[in-house]
Amino acid sequence: MDLVPAIARWVHFLAGVMWVGLLYYFNFVQIPALKAAAADGTAAGITKHVAPRALLYFRWSSIVTWLAGAAILGGNFVGAFTLQKGLAGIGVGAWLGTIMLINVWALIWPNQQKILGLKPATDEEKNKARRVALLTSRANMMLSIPMLFFMAGGWSHRALFGL
Amino acid sequence: MKNPLDSLWGTVVCGLIVTAVLYLAVKNFLM
């Protein structure tokens, strides 16, 4: 049925914009803002009211993006992930997106729970969690650049690949 | 050596480098 990939693509874009948009918000806006806010004692407003909401939409939009992406691939799912001819470009994008999804749920969210006080942690554990969460968020931002290059690889990319 | 991911723009530059490396790999070995 042609409707499924069409709707899946739309949902993939909607959720993907939210996911990567919030990722860029964290890296370009919130992290530098927290540094400035900590200096004048106003960081609590961000960590208490903004960060938990942003993280909620961030982590669930990552799941929706991945599932909708899998639905678009449909019967090409295995071919893309095994980088078969003709599917290697989107396959690399799919792998990068999958690594980013795992980073969100296995590293960013568990460590953010400690940082925001949603999970009990000592000061030492919180400091370690801050470092892991920052580097994972930065790694995801780095991976998002090639991920979007390969994800957006449609007709416009044919010249780039000499096709 | 400083971790480039500690800097916002270092992260962006790393992303561009990874893009170039993956592009060349896909173009030359997988297409």
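A polar contact is a pair of N or O atoms within 3.5 Å; within protein, one must be able to donate a hydrogen and the other to accept it, and residues adjacent in sequence count only if both atoms are side-chain atoms. In this predicted model, local features need pLDDT of at least 70 and side-chain atom pairs pLDDT 80 or more, whereas totals for chains, interfaces and linings use all residues. Side-chain values rest on heavy atoms, with hydrogens and water left out, residues are numbered from 1 along each chain as its sequence is written, and chains are lettered from A in the order in which they are written.

Between chain B and chain A, four residue pairs are in polar contact, both residues at pLDDT 80 or more. By class, the side of chain B that touches chain A has 12 nonpolar (Ala, Val, Leu, Ile, Met, Phe, Trp, Tyr, Cys and Pro), two charged (Asp, Glu, Lys and Arg) and five polar residues (the others, Gly among them). The contact (heavy atoms within 4.5 Å) takes 23 residues from chain A and 19 residues from chain B. The buried area, meaning the accessible area (1.4 Å probe) that two parts lose on being put together, summed over both, is about 1900 Å², and carbon and sulfur atoms give 77% of this.

One salt bridge (a side-chain nitrogen of Lys or Arg within 4 Å of a carboxyl oxygen of Asp or Glu) is found across the interface. R131(A) forms a salt bridge with D6(B), with 2.6 Å between the closest N and O atoms.

Not counting residues up to four places away in sequence, R59(A) touches V104(A), W105(A) and W109(A).
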